[in-house]
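This report describes selected features of the structure shown below. Please read the text alongside the sequence and the model.

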Amino acid sequence: MNEHGDSFVHIASVKLLLVVWIALMFGTWLTVSASTVDLGFLNIWVGLAIATGKAVLVALYYMHLRWDKPFNALVFLGAFFFLFLFIGFAMMDTAHYQPDLIPGYSPGMVGGS
Amino acid sequence: MADHGHDRGDGLRVEHHFENADQQYQSAKLGMWIFLGTEILFFGGLFVAYSVYRANHPEVFVFGHHFLDKGLGALNTVILICSSLTAAWAVRAAQLRQIGMLKLMLTLTMLCAFGFMGVKTVEYNSKWKHGLLWAGSYEPHLDHTDPATDLIHNEDFEDGGDIEGVDAVETDESGTADVESAPTDTDRSAIDPAAVGPPGLAGPEPEAEGEEALEIEPANAQVYFSIYFLMTGLHGIHVLAGIGAFIWLLLCARRGDFDTGHFTRVDMVALYWHVVDLIWIYLFLLLYLI
């Protein structure tokens, strides 16, 4: 009765699911450990790299992107591309304002207002 | 027993506008991926706010993250990763028509989601007790066992006296800063200054090193908590929606909708759940582990 057929459905094996789970747990441990080591400005980038590695594992295996139609991956990566543009332009903009800032003065940011 | 005969567009029924079940399934999936893309962009706005504020005021984030419990954050990360495993397993069970296994995995995923919200409740509650809330409600009053015992002193602000145009601020008993007078740099811009501003911003940090840095609250620490509550709050709403979706799936499973090997719904909800997990992976890193 299964009209989905087997041609386009990928069924992940239990072993694969568990291996990915172990990798994700290890990644979590690694992130927490890396945050306790002072690497200066590198800390955030190391953390982001590990987090992105975990995200890629989730997307490829738990979300089946590896066996999915490439177009689905393109849609998802497209969202990240536009997010990158969004953050990138916002950061460039705020960096341009840095020379104009009055030291110690930041309007409109008082608590309790 | 299952009622396969119903006409709700589920089960094995292929809607008339689809060629076959394959096309129907792939269309559902594409739609889901587009939705997940919009979810990423939905959170994207908050990530932009985070990036901009952190780039401009890193000291606020360093200060704020001392009030988050790394252990609870890590616990929630582990809970969500486990729930991702069970969600992926539920898809496998639905594909293989292992209904008992499917129900077990859906229940486990849902319990993980409840566990996550439980831990979140404990965290929010402690923030609430200490007045560590978003901008308008930020009134820190900490116990003396906390790292930042002496939150604000007048001296901290008066020390920054080399800041031109800004007077020292007073603090009241609750530890919040009141500004006596605002700078009047109206000549810098045609737009009036938006509001009063305390010193200590957008400039070199006050001289504080190591442990001492913990005791000095940077100006505008409330910004960190605004961002914290917005990001984790929006994520929490998604977790609640996920709980609803899993309850729905469990009801479907009980009704026998998945007996036919129709697993599209389980697959779609699991995809959504994985994105919720994926976003938390970044939130944990960016908010707790600064």
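## Backbone, helices and packing

In chain B, the loop between α3 (70–95) and α4 (99–129) contains Arg97(B).

**Positive phi values**

Most residues other than glycine have a negative phi. Arg97(B), although not a glycine, has a positive phi of about 60 degrees. Arg97(B) is partly exposed, because 16 other C-beta atoms lie within 10 Å. A positive phi, near 65 degrees, also occurs at His64(A), again a residue other than glycine. His64(A) is located in the loop of chain A between α2 (42–62) and α3 (70–97). His64(A) counts as buried because 21 C-beta neighbours lie inside 10 Å, the cut-off for burial being 20 or more.

| Residue | Phi | C-beta atoms within 10 Å | Class |
|---|---|---|---|
| His64(A) | near 65 degrees | 21 neighbours | buried |
| Arg97(B) | about 60 degrees | 16 other atoms | partly exposed |

**Chain A**

Chain A has 3 helices and 0 strands, and its pattern along the sequence is α-α-α. Of the 113 residues in chain A, 25% are buried. The mean pLDDT of chain A is 83, with 82% of its residues at 70 or more. Over residues 1–7 of chain A, pLDDT stays under 50, and the model has 11 contacts beyond four places in sequence for this stretch. Where pLDDT is low, the predicted coordinates should not be read in detail.

Helix α1 of chain A covers residues 14–36, which is 23 residues. At 1.5 Å a residue this helix should span 33 Å, and its end C-alpha atoms are 34 Å apart, so the two values agree. The buried residues of α1(A) include Val20(A), Trp21(A), Leu24(A) and Val32(A). Thr28(A), Thr31(A) and Ser35(A) are also buried in α1(A). What do the buried residues of α1(A) pack against? Their partners are α2 of chain A together with α3 and α8 (264–288) of chain B.

**The α3–α8 pair of chain B**

α3(B) and α8(B) pack with their axes 9 Å apart, at an angle of about 165 degrees. α3(B) is therefore roughly antiparallel to α8(B), as angles over 145 degrees are classed in this way. The crossing of the two helices, α3(B) and α8(B), is left-handed. On the α3(B) side, residues making the contact include Gly73(B), Leu80(B), Ile81(B), Ala87(B) and Val91(B). On the α8(B) side, Trp273(B), His274(B), Trp280(B), Phe284(B) and Tyr288(B) are among the contributors.

Methods:
Residues are numbered from 1 along each chain as its sequence is written. Chains are lettered from A and ligands numbered from 1 in the order in which they are written. This is a predicted model: local features need pLDDT of at least 70, side-chain atom pairs count only at pLDDT 80 or more; totals for chains, interfaces and linings use all residues. Helices (H or I, at least four residues) and strands (E, at least two) are DSSP runs, numbered from the N terminus. A residue is buried if 20 or more other C-beta atoms lie within 10 Å of its own, exposed if 12 or fewer, and partly exposed in between; C-beta atoms are placed from the backbone. The expected span of a helix is 1.5 Å times one less than its number of residues. Two residues are in contact if their C-beta atoms, placed from the backbone, lie within 7 Å. pLDDT is the predictor's confidence in each residue, from 0 to 100. Axes are lines fitted to C-alpha atoms, for helices over the stretch in contact, and angles run from 0 to 180 degrees between N-to-C directions. Angles under 35 degrees count as roughly parallel, over 145 as roughly antiparallel, 65 to 115 as roughly perpendicular and the rest as oblique. A crossing is left-handed if the near helix is turned anticlockwise from the far one by less than a right angle, and right-handed if clockwise.
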